[in-house]
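Please keep the sequence and the 3D view at hand while reading.

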Amino acid sequence: MKKLVALLTALLLSLALAAFIGCEEEKGSALEGSVTVVLDKGEGAENRYTEFTLDLAEAGLTTADHAIDVLEALKEREGLYYSGTYTSSFGAYLTEIGTETPAENPSYEGETVQTPILKAEGSGYIALYTSDIDEGNPDADSYGGTIEYEGVSVYYAMLGVSSLSLSGGAVYYFMLSSY
């Protein structure tokens with residue numbers, strides 16, 4: 001009987017340990033190359049495109065990170081800003097994205113000015129396209145379709161910015177759309 005209790009105790013401890021090890025955050029593999037984030041103001045707009053480039057290795061991003069982490073890194077390094085809401089079910093819903101620069105005559109140290117480039121209003125939303133065909137919709141006849149940007153095809157993203165995976169050479173293309 002003592003052997004059975006010892007065996008069951010060992011089994012339960014092993015299962016408990018396995019559960020805690022399974023909770024360890026995934027670190028992912030280091031990424032190389034760069035990604036490009038494009039903000040498209042729309043046809044006919046002056047200076048239609050605002051482009052940001054991020055070196056994935058310098059930013060310390062890994063295969064466990066997502067496109068939202070690129071926006072965070074650009075926020076820290078390149079003067080991009082974004083705002084929106086976040087839900088545990090769907091992830092980030094961007095309502096505004098643009099540039100952030102130091103204020104010309106700041107009233108306090110570190111004051112910045114945010115200039116929206118894309119702002120979702122009314123029935124509008126910020127649409128996301130990706131160059132990753134596996135995470136985008138390449139069907140030109142369906143909603144969103146495909147856009148060409150400087151010789152690269154970008155596809156209407158089938159996942160949100162919080163879920164899109166990262167890879168060197170990727171393009172994340174944002175533009176306004178409406179329901």
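Two strands are taken to pair if DSSP finds at least two bridges between them. In that sense, the bridge partner of Val38 in β10 is Tyr173. The model is predicted, and every value below is computed from it.

**Overall make-up**

- The protein chain holds 3 helices and 10 strands, and from the N terminus on its elements follow the order α-β-β-α-α-β-β-β-β-β-β-β-β.
- Of the 179 residues in the protein chain, 34% count as buried.
- When contacts in the protein chain between residues at least 6 apart in sequence are considered, 54% of them join residues at least 24 apart.

**The open sheet and its helix**

- Strands β3, β4 and β5 form, in that order, an open sheet of 3 strands with antiparallel pairing.
- Because β3 (80-87) and β5 (112-119) each have a single partner strand, they stand at the edges, and one side of each is left without a neighbour in the sheet.
- From one strand to the next, the twist of this sheet averages 35°.
- Between β3 and β4 (residues 91-102), which run antiparallel, there are 8 bridges, and Thr87 stands opposite Gly91 in β4.
- Helix α3 (residues 67-77) packs on the sheet, where it touches β3 and β4, and its direction makes about 140° with that of β3.

**Pairing around β10**

- Strands of a sheet pair through backbone hydrogen bonds, and they may do so in a parallel or an antiparallel manner.
- Strand β10 (residues 171-178) pairs in the parallel sense with strand β1 (residues 34-40), over 5 bridges.
- Strand β10 is also joined to β6, in this case by 7 bridges and with the two strands running antiparallel; Thr130 has Tyr172 in β10 as its bridge partner.

- Thr130 lies in strand β6 (residues 124-130) and counts as buried because its relative accessibility is 1%, where the cut-off for buried is under 20%.
- A polar atom of the Thr130 side chain lies 3.1 Å from the backbone nitrogen of Asp132.
- Beyond its neighbours within four places in sequence, Thr130 is in contact with Glu135, Gly136, Ser153, Val154, Tyr155, Ala157, Leu164, Val171 and Tyr172.
- Ala157, whose place is in strand β9, is likewise buried, with a relative accessible area of 10%.
- Not counting residues up to four places away in sequence, Ala157 touches Leu128, Tyr129, Thr130, Glu135, Gly136 and Leu164.
- Although Ala157 and Gly144 are 13 residues apart along the chain, their C-alpha atoms are separated by 8.3 Å.

**The largest pocket**

- Rolling a probe the size of a water molecule over the atoms shows where empty space is left.
- The largest pocket contains about 320 Å³ of space.
- Its lining consists of 17 residues, and those that lie nearest the centre of the largest pocket are Ala92, Tyr93, Ile126, Leu128 and Gly160.
- Strands β3, β4, β6 and β9 (152-157) each supply at least two residues of the lining of the largest pocket.

Methods. Residues numbered from 1 in each chain as written. Predicted model: local features only at pLDDT ≥ 70, side-chain atom pairs only at ≥ 80, totals over all residues. Heavy atoms only, no water. Helix = DSSP H or I, 4+ residues; strand = E, 2+ residues; numbered from the N terminus. Buried < 20%, exposed > 50% of the residue type's maximum accessible area, 1.4 Å probe, protein only. Polar contact = N/O pair within 3.5 Å; in protein donor to acceptor, adjacent residues only side chain to side chain. Contact = heavy atoms within 4.5 Å. Axes fitted to C-alpha atoms, helices over the stretch in contact; angles between N-to-C directions. 1 Å grid on protein atoms, 1.4 Å probe; cavity = no way out; pocket = protein on both sides within 12 Å on 5 of 7 lines; lining within 4 Å. Points joined across faces, edges and corners; volume = space filled by probe spheres on them.
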